[in-house]
Amino acid sequence: RLRHRPLHNNSCSSHFIYNFKMKLAVIATLAAGASAFAPTAQVSRSTALNAKKVGPKLQYVPCISTDDLPAPGSATSGVAGGLAICIAVDEKGSVFALGDKCPPVNQPLSFGKVVGGTIADPVLGTQFDLKTGDVVSWCPSGLGKLIGGIFDPVGVPVYPVQAKGKSVNVQVDVNYKANFEADYWSGILDAQGKSNGKYY
């Protein structure tokens, strides 16, 4: 004889609820996937990310106080127009302004020693001419020879400098930082397919 087992209402209703939840999850996933590809209205953005590049604008801007000028034969750091600046004073007391990032690894030049019309990178030993920023000696230290051999010698930028009142002013392109950031963020977003709000 065959025995028939009666169906339990509890197992039927839990099976029905489970199937309903699974179908609901599949529908929700399909809807979310479809919405990702649906066209959207372009929102007008007015941020620096969409800023157009502007031409250079040279201008003297404050960098450090005259009270903060270093002793002859040394240097200090400052900021002018958003740029990191090395203010160096030679043995005779003349003041020079250079970019504060030493190639090839960008450590601060302002930690360097000023001797004989040059300033030396504190880590790799590269010497830069105070007047021109050109390389006088490229990476002569032991570590410098190891790292510097990989890179071509490159100098640092120099800037006109003047004292005015209690301020040491440096002539820089005051639009440089904004132009750099516009290019930088444009490049980052473009690499992600987002610079113009569209994907590739």
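## Asn-169 and its surroundings

A polar contact of 2.8 Å joins the side chains of Asn-169 and Ser-167. A polar contact is a pair of N or O atoms within 3.5 Å; within protein, one must be able to donate a hydrogen and the other to accept it, and residues adjacent in sequence count only if both atoms are side-chain atoms. Asn-169 sits in strand S13. Strands (E, at least two residues) and helices (H or I, at least four) are DSSP runs, numbered from the N terminus.

Asn-169 has a relative accessible area of 8%, so it is buried. Buried means under 20% relative accessible area, exposed over 50%, and partly exposed in between, with a 1.4 Å probe and protein chains only. Residues up to four places away in sequence aside, Asn-169 touches Tyr-60, Val-61, Pro-62, Cys-63, Pro-160, Val-161, Gln-162 and Lys-164. Contact here means heavy atoms within 4.5 Å.

## The model as a whole

This is a predicted model: local features need pLDDT of at least 70, side-chain atom pairs count only at pLDDT 80 or more, and totals for chains, interfaces and linings use all residues. Residues are numbered from 1 along each chain as its sequence is written, and side-chain values use heavy atoms, with hydrogens and water left out.

The protein has three helices and 13 strands. Of its 200 residues, 26% are buried. Take the contacts between residues at least 6 apart in sequence: 45% of them join residues at least 24 apart. The accessible surface comes to about 13700 Å², and 60% of that belongs to carbon and sulfur atoms. Accessible areas come from the Shrake-Rupley method with a 1.4 Å probe; for residues, only the protein chains shown count as cover.

## Nonpolar cores

The largest nonpolar core has 12 residues: Ala-75, Cys-86, Ala-88, Phe-96, Leu-98, Cys-102, Leu-109, Val-114, Ile-119, Phe-128, Leu-130 and Val-156. Strand S3 (83-89) and strand S4 (95-99) are the elements that give two or more residues to this core. A second, separate core has 11 residues, including Val-61, Leu-83, Ile-85 and Ile-87. A nonpolar core is a set of buried Ala, Val, Leu, Ile, Met, Phe, Trp, Tyr and Cys residues joined through side-chain atoms within 4.5 Å.

Phe-96 touches Cys-86, Ile-87, Ala-88, Asp-90, Leu-130, Lys-131 and Val-161, not counting residues up to four places away in sequence. Leu-98 is in strand S4. Its relative accessibility is 0%, so Leu-98 counts as buried. Leu-98 and Gly-155 are 57 residues apart in sequence, and their C-alpha atoms are 10.0 Å apart.

Thr-118 belongs to strand S8 (residues 118-120). At 9% relative accessibility, Thr-118 is buried. A polar atom of its side chain lies 2.7 Å from the backbone oxygen of Val-115. Neighbours within four places in sequence aside, Thr-118 is in contact with Lys-113, Gln-127, Phe-128, Asp-129, Leu-130 and Val-136.

Ser-137 lies in strand S10 (residues 135-137). With 23% relative accessibility, Ser-137 is partly exposed. Ser-137 and Gln-127 are 10 residues apart along the chain, with 5.1 Å between their C-alpha atoms. Ser-137 also touches Gly-125 and Thr-126.

## On the surface

A search of the whole structure finds one salt bridge. This salt bridge pairs the side chains of Lys-166 and Asp-67 (3.1 Å, N to O). Lys-166 lies in the loop between strand S12 (161-164) and strand S13 (167-173), and Asp-67 in the loop between strand S1 (58-65) and strand S2 (74-80), so the pair ties together parts that are 99 residues apart in sequence. Both residues, Lys-166 and Asp-67, are exposed. A salt bridge is a side-chain nitrogen of Lys or Arg within 4 Å of a carboxyl oxygen of Asp or Glu.

Leu-146, in helix H2 (residues 142-148), is exposed at 62% relative accessibility. Val-123, Leu-143 and Leu-146 make a nonpolar surface patch of about 290 Å². Such patches are made of residues with over 30% relative accessible area and no salt bridge, with nonpolar side chains (Val, Leu, Ile, Met, Phe, Trp, Tyr) joined within 5 Å and like charges within 9 Å.

## Backbone exceptions

Most residues other than glycine have a negative phi, and most peptide bonds are trans. A cis peptide bond joins Pro-103 and Pro-104, with omega about 5°. Pro-104 is in the loop between strand S5 (101-102) and strand S6 (107-108).

Asn-106 is in the loop between S5 and S6, and has a positive phi of about 65°. Cys-139 has a positive phi near 45°. Cys-139 lies in the loop between S10 and H2, and is buried at 2% relative accessibility.
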